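Student: I would like to learn how to read helices and charged pairs in a model. Could you take me through them?

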Amino acid sequence: MTVADLIKRGVPLLAVSVLAILALNVADYIAGRPFPALTPLIDVNGEGNLPTWLSGVMLLLGSAAAFARSRGAECDNRDRRTWVLISLALLAMSCDEVACLHERVGHLVKTGVLNRPELEGAWLI
């Protein structure tokens, strides 16, 4: 199975999964959060749950697509480097999303090790 095949099969499945989780989240909210054990699992505003995992998978899929594009015959060296950089950036974002690295860095900035006013919000850069 090639990366292109994986993307063709994975994108529709991910789209349906995202819509299902979003619908569950909205229904849970409208119903007044009747299942407290379910809410953290599907909360799109949370971390370390199904929406976070799906986001990481989508970023990983984008990384794979960009890498596959960099290997295409129609790419010259400059385009190839650009697609590889995009692939690496998406891979880093996927790792960050799944491992919640941005949360940990934010905690370090707020609580001590990097507690400097000029670093507040520096992760946005």
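Student: What should the 23 residues of helix 4 (residues 77–99) span at 1.5 Å a residue?

Tutor: Helices are DSSP runs of H or I with at least four residues, numbered from the N terminus, and the expected span is 1.5 Å times one less than the number of residues. Helix 4 should therefore span 33 Å, and its end C-alpha atoms are 33 Å apart, which agrees. This is a predicted model, in which local features need pLDDT of at least 70, side-chain atom pairs count only at pLDDT 80 or more, and totals for chains, interfaces and linings use all residues. Residues are numbered from 1 along each chain as its sequence is written, and side-chain values use heavy atoms, with hydrogens and water left out.

Student: Which residues of helix 4 are buried?

Tutor: An α-helix has 3.6 residues a turn, so residues three or four places apart point the same way. Taking buried as under 20% relative accessible area, exposed as over 50% and partly exposed as in between (1.4 Å probe, protein chains only), the buried residues of helix 4 are Ser87, Leu90, Ser94 and Glu97. Just after helix 4, Cys100 takes a positive phi of about 55°.

Student: How many salt bridges does the structure hold?

Tutor: Side chains of opposite charge can pair when their charged atoms come close. With a salt bridge defined as a side-chain nitrogen of Lys or Arg within 4 Å of a carboxyl oxygen of Asp or Glu, the structure holds one: Arg33 pairs with Asp28, their closest N and O atoms being 3.1 Å apart. Arg33 is partly exposed, at 31% relative accessible area, whereas Asp28 is buried, at 4%.

Conventions:
Helix = DSSP H or I, 4+ residues; strand = E, 2+ residues; numbered from the N terminus.
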